[in-house]
Amino acid sequence: GYVCDFYDVFQVLDGGYALTGRASSNFGDDEEQGVFGVWLLVLSSVGEVNWQTAFQPPDDHNTHSLGNSLIQTDDAGFVIGGYTSRNRSRRFTVMKSDDEGELVWWSEFGGEEPGECYAVIELKSDEILAGGELSRRGGYAVKIDVNGNAIWENIYEGMNIRSIRET
């Protein structure tokens with residue numbers, strides 16, 4: 001069977017809605033092994049399913065991944081922040097898809113430090129700001145360019161970042 005959980009919803013440019021979370025599926029090479037992938041579900045303004053897809057890291061389809069935060073970008077694509085579990089350790093993950101759900105980039109930040117992204121926003125400069133935590137260090141923020149590369153990153157000891165707003 002399938003397990004599906006949603007963790008965020010965002011109203012999209014056409015008046016519909018996009019949701020992210022996790023969905024179980026047989027992404028892995030072993031058909032018996034169900035793993036969790038980042039789920040993106042796009043609904044019409046009256047709640048009908050327009051399309052849906054699930055993502056796994058391009059280099060490893062046997063990981064567990066989850067989306068905590070979702071935005072639609074000015075180019076009508078989507079950015080999702082969450083985590084990817086590698087070797088039983090969560091990695092702070094941010095990914096971008098185009099407006100039809102095709103993966104554009106998938107990036108993991110924070111080095112080998114376990115972490116999780118809880119919030120993403122698009123800045124007026126078209127860059128992404130993502131926040132969350134590195135579990136052994138504290139709050140973590142990373143500014144990301146349009147290609148998924150870190151511009152800068154900071155750790156805020158003794159804190160955790162759950163939400164970000166541009167002012």
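Biologist: Which residue forms a salt bridge with Glu127?

Modeller: Good place to start, and please keep in mind that we are reading a predicted model. The general idea is that side chains of opposite charge can pair when their charged atoms come close. Here the partner of Glu127 is Lys143, and their closest N and O atoms are 3.2 Å apart.

Biologist: Where do Lys143 and Glu127 lie?

Modeller: Lys143 belongs to strand β11 (residues 138-144), while Glu127 sits in the loop between β9 (115-122) and β10 (128-134). The two are 16 residues apart in sequence, so their pairing ties those parts together.

Biologist: Is Glu127 buried or exposed?

Modeller: Glu127 is buried, because its relative accessible area is 18% and the cut-off for buried is under 20%.

Biologist: How many salt bridges does a search of the whole structure find?

Modeller: The search finds 7. One of them joins the side chains of Asp59 and Arg86, at 3.1 Å from N to O. Asp59 is in the loop between β4 (49-55) and β5, and Arg86 is in strand β6 (residues 78-86), so this pair links parts 27 residues apart in sequence.

Biologist: What are the relative accessible areas of Asp59 and Arg86?

Modeller: Asp59 has 60% and is exposed, whereas Arg86 has 18% and is buried.

Biologist: Now a residue of another kind. Where is the place of Asn68?

Modeller: Asn68 is in strand β5 (residues 64-72). Asn68 counts as buried, because its relative accessibility is 13%.

Biologist: What lies 3.0 Å from a polar atom of the side chain of Asn68?

Modeller: The backbone oxygen of Cys117 does. To read the surroundings, look beyond the residues up to four places away in sequence: Asn68 then touches several others, including Tyr7, Asp8, Thr20, Gly81 and Gly82. Glu116, Cys117 and Tyr118 are also among its contacts.

How values were computed
Residues are numbered from 1 along each chain as its sequence is written. This is a predicted model: local features need pLDDT of at least 70, side-chain atom pairs count only at pLDDT 80 or more; totals for chains, interfaces and linings use all residues. Side-chain values use heavy atoms; hydrogens and water are left out. Helices (H or I, at least four residues) and strands (E, at least two) are DSSP runs, numbered from the N terminus. Buried means under 20% relative accessible area, exposed over 50%, partly exposed in between (1.4 Å probe, protein chains only). A polar contact is a pair of N or O atoms within 3.5 Å; within protein, one must be able to donate a hydrogen and the other to accept it, and residues adjacent in sequence count only if both atoms are side-chain atoms. Contact means heavy atoms within 4.5 Å. A salt bridge is a side-chain nitrogen of Lys or Arg within 4 Å of a carboxyl oxygen of Asp or Glu.
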